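Subject: Structure for your review

Dear colleague,

Please find below the structure that I would like to hand over to you. My findings follow it.

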Amino acid sequence: MMPQTADVQTEVQDLSAMKLADLQHQDPARFSGTLRRLLSRVEQPSRSISGYNPQRLD
Amino acid sequence: MIADTSESHHVIAGHDFHSLARGHGDAESVRQFTVTERSWRLVGLRHLLATLTDEQAGPLPPVADAWKLILRAEEADEDAVTDTVMYPQVGIWIAHLLRRLGGVVTDTEPLWTDVGYLHAVAAVAAVRAGLAFAVDVPVRAGVVVLPALGMARFPDATTGVATVASPGRRDDNPGDDNPGEDGPVTVSLGDTVVRLAADDPAWRPAPRCHADVDGARIAFLLDDVDPYRDLRGYSAPAPLPPADLARWQELLTAAWTILVRQDRARAEGVAAALTTLIPLPAAKPYRPLSASCDEAFAAIVASMPDDAEQFAMTLVHETQHVKLGALLHLVTFVDDPDGPAVYAPWRDDPRPLSGLLQGVYAFVGITDFWRRRTDPGSRFEAALWGRQLRRVLAALRTDSRLSPFGERLVAELYDTVTGWPQPPADADTTRLAASAAADHYAQWRALHVAAPEDWVREAVLAWNSGGPRPAIPATVIAPVTDTSARWLDGRAVLARIHLTDPAQFAALLHAPGAVADTIPGTLPADLSLITGDAAAALEGYRAHLVTDRGSPRAWAGLGLALDALGRPAADLLERPELARALARALPGADPLTVADWMTGAAAPC
């Protein structure tokens, strides 16, 4: 079991200080880990939606 | 609190992760997700922009021009642009367009109509930043939607290109929450000019709801027009009539009062996790529809609630999903996402493991809501969902597909659920909750789990030779979704009516043959089962199965009736697929005799 009080290092790059104006000038490799996670979810749309019987929305 | 102590990755403080993993998370923890979600959104946006070509904008200005307008707005007012880009439906749009470009989904509408949402986003950013600008945007279904601002109507047009323009009003009122309300921002199509002004009947500003109770505030936008509000792809606007808007506001005031006075910390977490509610028409009574999507942080979809209590529960439910959705962007809970689907007690269909985790997380919040309430209906819900949570969490604790973070999440949620005191409930409520839990599982198995063919062959031979039933086979067959599965909660809805609305239940008893018309997913015999007349229920299910031998609803009902009569039923309720398959293979056999043989209570006839 993981320790309960340890800080958790996430898998998402911290872009909180980045302006949109700088976004396109970045090396894409900087975002590769986060992008891989994002695209894996995009490719499986049914796994992104949660809720109370949302299949009945159809 | 989520602190940015790493140079390159977000870090979640240990105590915050602990709180979130236990199914809680205060407002401050939730607000920090706006920071992490911005990083997530920016990566998606950058990838989309790198994928799009200028030509894909069709008759609109090149993609690069729309992006330049966003950057101009950022230079003038960075917060305004952050608010615009972080609007939840922008996340849905990014995901949808990436899916469309990647061939994951198809769409018959011209690509530029989807691409042009970027131009609408740019227009909103420019309006909010008070820029002087003009940008062409798509017209779809006779309207131009400016995300989170409102909708301009062009009744004579279906599709086309309109122009959003403003001479700029940077110095007028830069902090105004309703830009355009008193300014000269216009949307033009040919000779028709719509002003973003309250006195222009062709402009419909986005409606908002809010409530204040004991110093706690909740406020959100009621988005009934955004093209990407259904969480999957485009949908045409469906602006609510004023009476519905008033009803949402009325229900919110009452629901917020319940939440704040019942559990203020959770209420404040709800308010922090919600900026947008996408309204749906009322669903069937006792069966609200609601949904959320991790790409649309802080947005939920919800049907018009039956009452304030249901709305309060839905707000808790969906904001649990919002929190876990943001958390699963940050860490991995499931190492093997492609394994077999599993049982989820709140769904008609089998769910992937990650989906089950979402459901568990939501129902920990829901059950925590119900267990604090004392009316019979709430005690039923607390007893039912507490039982169901213990069932699935016990199974999850041994699921080898979980990552270390997933194991920790399950362990923390298990501790939360098992740490709750046993909710007080009378014998009838306890009986109905236990029955509803067993019922759902039995129907689900009967529908989605196949009986092993070799076992069925062996059982038929044993039946025909007058021998004992073969041993129950191990559970090795992965569920396969039966897409006909609907309304597995029918008898649970009857139980709710029985406990909370005696007059309606009496009316149902008066016309048992019509019960399924009022409550889909029910049989006439269910009324006897709910009222405790198990003998009559047993005969009813038996008669039903004579003509509909594969009915999962009737097989589960038969098991429940036998159990209520004190007769062996465990093999029917835990493995109903076996009796169902056997009865189909023995078309002349009496269903009750098959059931008794299955449970070891009788020899074959």
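**Chain A**

Glu43(A) is placed in the loop between α2 (32-42) and β2 (49-52) of chain A; helices (H or I, at least four residues) and strands (E, at least two) are DSSP runs, numbered from the N terminus. This is a predicted model, in which local features need pLDDT of at least 70 and side-chain atom pairs count only at pLDDT 80 or more, while totals for chains, interfaces and linings use all residues. Residues are numbered from 1 along each chain as its sequence is written, chains are lettered from A and ligands numbered from 1 in the order in which they are written, and side-chain values use heavy atoms, with hydrogens and water left out.

With a relative accessible area of 51%, Glu43(A) is exposed; the classes are buried (under 20% relative accessible area), exposed (over 50%) and partly exposed (in between), with a 1.4 Å probe and protein chains only. Chain A contains two helices and two strands, in the order β-α-α-β along the sequence. Of its 58 residues, 45% are buried.

**The interface of chain B and chain A**

Chain B brings 73 residues to the contact and chain A brings 47 residues, where contact means heavy atoms within 4.5 Å. The area buried between the two chains is about 5800 Å², and carbon and sulfur atoms give 57% of that area. Buried area is here the accessible area (1.4 Å probe) that two parts lose on being put together, summed over both. Trp40(B), Val43(B) and Arg46(B) supply 12% of what chain B buries against chain A, more than any other three residues.

How many salt bridges are counted between chain B and chain A? The count is one, where a salt bridge is a side-chain nitrogen of Lys or Arg within 4 Å of a carboxyl oxygen of Asp or Glu. Asp294(B) and Arg41(A) form a salt bridge, with their closest N and O atoms 2.7 Å apart. Helix α2 (residues 27-51) of chain B gives the largest share of the side of chain B that touches chain A, namely ten residues. That side divides into 35 nonpolar, 17 polar and 21 charged residues; Ala, Val, Leu, Ile, Met, Phe, Trp, Tyr, Cys and Pro count as nonpolar, Asp, Glu, Lys and Arg as charged, and the others, Gly among them, as polar.

Strand β1 (residues 8-13) of chain A also pairs with strand β1 (residues 9-12) of chain B, in the antiparallel sense and over three bridges; two strands pair if DSSP finds at least two bridges between them. Val8(A) stands opposite Ile12(B) in this pairing.

**Strands in chain B**

Strand β3 (residues 143-146) of chain B is covered on both faces: Val143(B) and Val145(B) on one side, and Val144(B) and Leu146(B) on the other, are all buried. In a regular strand the side chains alternate between the two faces of the sheet. β3(B) pairs in the antiparallel sense with strand β4 (residues 150-153) of chain B over four bridges, and Val145(B) stands opposite Met151(B). The two strands form a hairpin with three residues between them, and Ala148(B) in the turn has a positive phi of about 75°.

Thr192(B) lies in strand β7 (residues 192-195) of chain B and is partly exposed, at 38% relative accessibility. Leaving aside neighbours within four places in sequence, Thr192(B) is in contact with Phe154(B) and Val187(B).

**Charged residues in chain B**

Over all chains, the count of salt bridges comes to 34. One of these joins the side chains of Arg100(B) and Asp114(B) (2.7 Å, N to O). The pair links distant parts of the chain, with Arg100(B) in helix α5 (residues 88-101) and Asp114(B) in helix α6 (residues 111-115), 14 residues apart. Both Arg100(B) and Asp114(B) are buried.

Asp368(B) and Arg372(B) also meet in a salt bridge (3.3 Å, N to O). Asp368(B) is buried at 2% relative accessibility, whereas Arg372(B) is partly exposed at 37%. A network of salt bridges links Asp263(B), Arg266(B), Asp368(B), Arg371(B) and Arg372(B).

Asp439(B), in helix α14 (residues 427-448) of chain B, is buried, with a relative accessible area of 2%. Beyond its neighbours within four places in sequence, Asp439(B) is in contact with Arg491(B), Ala556(B) and Leu560(B).

With kind regards
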